[in-house]
Amino acid sequence: MEVDQKVMCEAHAILSAVRAYVGAKIARPISDHENYFESGFVKSLFGIQLISFIEGRFDTVISDDDLVASNFNSIEHVVAFICRKKDIQFDPAV
Amino acid sequence: LIPQSEDAARGAFARFANEAISPYAAASDAAGAIRPECIEAIRSAGYLGAFLPRDVGGLGLDAVSYGLLTCEMARACSSCRTLMTVHDMVGSAILRWGSRELRSEILPQLATGSLIAAFALSEADAGSDAAAMRATIRRQGEDLILDGVKSWVSYGQTANLFLVFGRSEEGITAVLVSGEQPGITRRAVTEMVGTRAAMMADVRFEACRLSPHSIVGKPGFGLTHIAQTALDHGRYSVGWGAVGIIDAAFAACTAFVRERCQFGTPLVTQPQIRVHLTRMAALARASRLMCREAGLLRQARAPEAIIETMLAKYFAAKSAVSAANAAVQIHGARGLLRSGKPERLLRDAKVTEIIEGTAEMLELLIGEQVSSLGYPI
């Protein structure tokens with residue numbers, strides 16, 4: 001139980017950080033599951049800035065194999081992607 | 001405050017540029033073609049792909065050292081700097097997003113210079129608005145078929161590897177195309193007034209058949225990730241190149257104003273000349289510090305590096321135009337002579353305000369960042 005709580009805290013911290021980053025870049029309210037690429041609220045640089053943010057902030061390396069749109073197109077998907085990379089459980093419903 | 005190792009590296013790069021590049025710069029510019037001796041010297045020194053890691057044959061220079069090399073190259077010859085810029089833009093995209101196979105096959109050849117790479121993104125009607133490109137990449141069986149015409153390709157006349165962008169079913173996709181590929185025709189662009197020796201061409205790709213392994217990254221990520229990675233590298237290179245132009249302008253002026261006498265006294269004694277030199281010195285120092293800061297952030301792999309690089313390139317390019325313009329002014333009529341250095345510096349400086357993101361595009365992008373996130377970014 002204690003382990004689960006710690007894992008949940010880590011996932012929640014990642015979620016908070018991603019929300020803050022994406023929110024600042026988009027400068028408008030956005031839900032966790034909104035596809036910001038389809039909404040057209042991100043500019044040309046956002047893709048590599050997001051990659052750089054994920055790598056720098058969460059000490060992970062993103063390779064060509066990770067270039068899948070569904071890894072990066074919403075806050076929820078970014079958090080799930082980071083958690084998979086870090087081997088942390090993440091349940092968006094929690 | 002600058003570490004001794006940086007000073008030593010800069011000194012070595014400066015000696016190379018003075019001996020192997022400077023003597024040929026004016027002739028290359030006049031001919032509209034880089035002298036073969038320069039390419040061979042850059043290749044032999046390992047300066048093509050100098051930022052590439054040692055395990056693929058590069059020099060493994062860190063970002064700041066690489067910037068210093070680029071700066072010294074531009075101080076001597078902006079067309080030679082352009083060679084490094086476009087070659088390394090392609091190298092950076094492959095290093096970052098290429099498959100294991102592409103990295104192991106291509107990067108060592110870029111490091112030795114057996115392949116000279118060019119970046120083919122712009123089209124006649126798709127410049128800053130690269131997403132408006134018309135080139136297509138369609139599947140035919142197992143293969144890909146590339147069709148389109150790319151404009152303003154530096155070293156497009158001679159490159160034997162192109163990184164080309166086109167529309168595929170999945171969106172804009174990046175592919176590597178050998179210069180030997182059937183279906184390629186090159187039209188030299190000889191009317192350019194800046195970086196005249198950079199062997200620019202418009203390149204037509206007609207029914208070029210490619211292996212799916214030629215894709216860099218994944219289909220649909222060509223513009224957002226592969227091109228942007230290359231352009232980020234390009235902006236860093238061009239920013240340092242602009243610093244090199246300011247250094248060259250300043251050096252040309254300080255020599256001239258000590259020698260040239262008017263009203264019975266050297267120009268250097270004139271207060272207005274000193275104002276020019278003071279402004280140039282300030283622009284040189286500020287631009288160098290901004291590029292160096294961007295370099296340190298790149299070495300730290302900091303997310304802020306992308307925007308700081310953009311900011312440094314923007315400022316350095318504007319400063320280079322200002323400094324080169326002042327150099328022409330200080331030299332008077334001599335400043336406009338085709339045989340002199342100041343007019344070449346002014347033509348080359350103007351290029352830095354346009355390539356890898358025009359000043360206006362950078363104002364839009366930087367303005368958006370600083371208005372939403374504040375500064376420091």
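This is a predicted model: local features need pLDDT of at least 70, side-chain atom pairs count only at pLDDT 80 or more; totals for chains, interfaces and linings use all residues.

Residues are numbered from 1 along each chain as its sequence is written, chains are lettered from A and ligands numbered from 1 in the order in which they are written, and side-chain values use heavy atoms, with hydrogens and water left out.

Okay, the interface. On the chain A side, 21 residues are in contact with 26 residues of chain B, contact being heavy atoms within 4.5 Å. Together the two chains bury about 2000 Å², and 62% of that is on carbon and sulfur atoms. Buried area here is the accessible area, with a 1.4 Å probe, that two parts lose on being put together, summed over both.

What about polar contacts? The rule finds seven residue pairs across the interface, both partners at pLDDT 80 or more. That rule wants a pair of N or O atoms within 3.5 Å; within protein, one must be able to donate a hydrogen and the other to accept it, and residues adjacent in sequence count only if both atoms are side-chain atoms.

On the chain A side, helix H1 (2–26) and helix H3 (46–58) each supply at least two of the residues touching chain B. The largest share, eight residues, comes from H3(A). Helices are DSSP runs of H or I, at least four residues, numbered from the N terminus.

Now, salt bridges: a side-chain nitrogen of Lys or Arg within 4 Å of a carboxyl oxygen of Asp or Glu. Over all chains the count comes to 23, and two are between chain A and chain B. B:Arg96 is partly exposed at 23% relative accessibility, and A:Glu55 is buried at 11%. For those words, buried is under 20% relative accessible area, exposed is over 50%, and partly exposed is in between (1.4 Å probe, protein chains only).

Within chain B, B:Glu343 bridges to B:Arg338 at 3.8 Å; B:Glu343 is buried at 9%, whereas B:Arg338 is exposed at 59%. And B:Arg10, B:Glu72, B:Arg75, B:Asp247 and B:Arg288 are linked in a salt-bridge network.
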